[in-house]
Amino acid sequence: MSIEISAKTIQPVRLSYGNLKERFGDKKPASRYQEAVYDVQPTTNFQYLPIWNTKHELYDKSKTAIVMEDWYSFADPRQYYYGTYTIARSKQQDVAEHNFSFVDKRDLFDSVPEEVKQAAREILVPLRHVEWAANMNNCQITDECYGSNFSTLAMFNAMDRLGMAQYVTRLGLLLDGNEETSLDAGKQAWMEAPEWQGLRHAIEDMFVLDDWFELMVAQNFVLDGLVFPLLYDRFEKKLTVEGGATIAMLTEFMDDWYKETVRWTNALAKVTAKESEANQELLSKWTNKWTDRLVGALEPVAAKAFGADGIEQLTKVKEELLARLTKSGVTGLKRS
Amino acid sequence: MLDKKNTVFLIVQDNEDARPIIEAVEQDNPDANIQYQPGMVRMEGAGQLVVNRETVEEQIGREWDVQELHLVLVSLAGNVDEDEDKFELSWH
Amino acid sequence: MPAKKLNLRKRYELLTRGMGWETTHQDMDDVFPYDSFEGIKITDWDKWEDPFRLTMDAYWKFQAEKEKKLYAVIDSFAQNNGQTNLSDASYLSAIKLFITGVTPLEYGAHRGFAHLGRHFRGDGARIACQMQAIDELRHAQTQIHTISHYNKHFNGLHDPFHQFDRVWYLSVPKSFVEDAMTAGPFEFITSISFAFEYVLTNMLFVPFMSGAAYNGDMATVTFGFSAQSDESRHMTLGLEIIKFMLEQHEDNLPIVQRWMDKHFWRAYRLLALVSAMQDYMLTNSPLSWKEAWDVYFVENGGALFEDLSRYGLKMPKYHELATAEAEHLSHQVWSVFCLLGNATGFHTFLPTEEKMDWLSEKYPNTFDKYYRPRFEHWAKQKEEGTFQYLAALPQLCQVCQIPMIFTEVETDPMQLSFRVSEYKGDKYNTCSDGCKDIFDHEPEKYAQAWLPVHQIFQGNSGGATIPEVLEWYKFAPEDGGDYIGSQDHARWQEWKGADDKVKQA
């Protein structure tokens, strides 16, 4: 009874914060995603120039060549803010944890053929360095980007990449009963084996890119768009056929993660390309540049992973990526 | 010169999840000064204070991960030493 | 064969080290261009230790657990109109200052730590900074979500981020965090993680959240304590980084000491706003500013610096002055807000008899002697209808950006403290020796400051009159001024009857 009375007498005087009312109107309360990510970043009246970069203000739209009338016209289709993000990942890690302990407890690796384990050591374990680099690159985007929607997205992505680097590390450990031999061999391959050097070179060049949106394209659109379908999907399927289903169990997180990630990369490509001809041209230019570079870099890895079939697998993955980006509005991509 | 040991402290939320931790601290740190304040419980030790996993597990009758302490932690002072068996605060 | 068991330490090491590498196609100094120019010498980044050893899987698990609990409380708070359980709606002035002044700092810390999380050369230090970067984002977002319900029922909470970039008293926190963010990474972490988080953050969160509990604000208590569990990690990071720098090379000591002196004073001045929140805005205060200062700075800070003295680090410069000021600070700050209640985004009010008695008891050396008379005088003026707000905004300190209201507490507490420096032919005013030292060491930095009051005079703030400026701030007429007679007050009376806890101001 008392609840009814209070509900009647206690009426809100406004439904949303002012910035959200301006953006979305005043008919219904803003969502938690909207409250969390819109307009939180300062935009003006900066006090001091950074002593480490006096060419730009602390938050500066001109840190990328991409121009957006409103940097908040992009919204994460997953609507992740910290709470929904951690709760989603917590569920996934629960499954992963269960899989790791199941594999460990039941000694499932004992029944995996040695050559399959060796293939995982050579192809999957070095990917911990690739994920580590992806963590750095997304942290760079979090640092340099404009807008709290982007910093939120990039921050979550950066932490995901650290998490995945750690899952690959655990896979590497489990392959050898927690001896560190696979990890050491993986690091050595990453630093020295010929098949990885093109990729490592490309990634090191990405570390020093000036334009954070170009890094976004190189890392999150192109490199991820090649590595995940090629190695966590196609290569894992090949291993499964050869008796390595156990390995696929331990990288399920990556597979699910990529399917989810494609949703926001598509949405971001779409919003950015639609904004202007100039943006569209930059996206095409960067996509072409990094697709050429990274497909080239991945050729020896694909050959090592799939043998004679490698180049064809890589080409298919590339076609899928370019078709997807074209569908999202990035035209002028070199398909050949 | 340092006869008097400086105080370390651990503050946890005043809720059910924190109870076994507080009890474990009382048990393993007989000299600890435990103060109930609005919303929180402040536990002080002279120079040192420890939460032992085993003692907490005795309180709750299940496995307890020392990192679960994070769920109720409010503040602390002192150098932290954490491993799978204990969470310890001290001044050198 | 079951895998051999790894202990927490070893497991953590394998999951956080060795994934990075010495780049060969790009110079490491180009990949990490910012971690050497400050003069801090690091000989071995691997000596960096993270005492909490959180891996991402554990991070997701524990943080999700905290978030579930927090949002359950936020939801039920909204559903049950928890705002009606406050001790008094005037209490919300503190929350208004919090979301406009503190929440944006959390966001700034998020970006600042992301910068370090990318740019420190050591893998372990980078991971620790990244975890703090995402935690700080959490704090900003959970604060927005918690306070959202208050925004639906009270004024003055509707445009915190627009206001942070413009309002005269919000340049205090804005200049504080931007000072740290525009410095190099080691100075940033000394400022935020050590001077602010380790030495002083307890002054912000612990008494304030305990105060929220004391005033029936269960929503704020919940987000505050939930955030504090992260803060404990951050404080520990602050202590570890200081020890790490000091252990790495003896040349680092004088640099760290200077940063410590500077950022202690910067953070302390920022907390002057908190002192007013604690002593005056809280309807019921569990702990006075002076008591909190004695417990959390004098006692705990003293223990901390005694521990660090083995590295040669000394207590921060002017800490004695800060302790002497503890008996004056909140009274001086709240006085200026009361005199400028026409230009604040929250309501002001004079202390009740009961509150003044509490203040006399907590401040036996100063309150009755210096401050009670002025509050009583203003109360009388209010009664007679002769009270007048200040006609213009006061001059701000060039460094801390607080109005020039502090006094010479060690010699003559009624004498304004006023310092002047000259740089390139211009004069710059500061409020204290602490702020003057900071200015004089880097005049080229502090001469750039965007001082809101100067900006008004230069025509950059919407106009020349107070109403024009307030409109530019997006302060609605009903946001500021006296609490008594305000819309918030009327709404509160509608729910709770006419029993006022504060006086006309």
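In the predicted model, buried residues account for 59% of the 505 residues in chain C. The secondary structure of chain C comprises 21 helices and four strands. Its C-alpha trace extends over about 85 × 60 × 45 Å along the principal axes.

Chain C forms a contact with chain A to which 71 residues of chain C and 71 residues of chain A contribute. On the side of chain C that touches chain A, the elements giving two or more residues are helix H1 (8-16), helix H2 (28-31), helix H3 (56-79), helix H5 (103-119), helix H6 (123-153), helix H7 (160-164) and helix H8 (171-181) of chain C. The most is given by H6(C), with 14 residues. By residue class, this side of chain C consists of 30 nonpolar, 23 polar and 18 charged residues.

Chain B contains an open sheet of four strands, arranged in the order S2-S3-S1-S5 with antiparallel pairing. Strand S2 (33-37) and strand S5 (73-77) of chain B form the edges, each pairing on one side only. From one strand to the next, the twist averages 15°. In general, the strands of a sheet pair through backbone hydrogen bonds, in either a parallel or an antiparallel sense. Within the sheet of chain B, strand S1 (residues 7-13) and strand S3 (residues 40-46) are joined in the antiparallel sense over seven bridges. Phe9(B) has Glu44(B), in S3(B), as its bridge partner.

Helices from two chains contact this sheet. Helix H1 (residues 19-28) of chain B packs on the sheet and touches S1, S2 and S3 of chain B. The direction of this helix makes about 20° with that of S3(B). Helix H9 (residues 185-214) of chain C, in turn, lies across S1, S2, S3 and S5 of chain B. Relative to S5(B), H9(C) runs at about 135°.

Notes:
Residues are numbered from 1 along each chain as its sequence is written. Chains are lettered from A and ligands numbered from 1 in the order in which they are written. This is a predicted model: local features need pLDDT of at least 70, side-chain atom pairs count only at pLDDT 80 or more; totals for chains, interfaces and linings use all residues. Two strands pair if DSSP finds at least two bridges between them. Axes are lines fitted to C-alpha atoms, for helices over the stretch in contact, and angles run from 0 to 180 degrees between N-to-C directions. Two residues are in contact if their C-beta atoms, placed from the backbone, lie within 7 Å. Ala, Val, Leu, Ile, Met, Phe, Trp, Tyr, Cys and Pro count as nonpolar, Asp, Glu, Lys and Arg as charged, and the others, Gly among them, as polar. A residue is buried if 20 or more other C-beta atoms lie within 10 Å of its own, exposed if 12 or fewer, and partly exposed in between; C-beta atoms are placed from the backbone.
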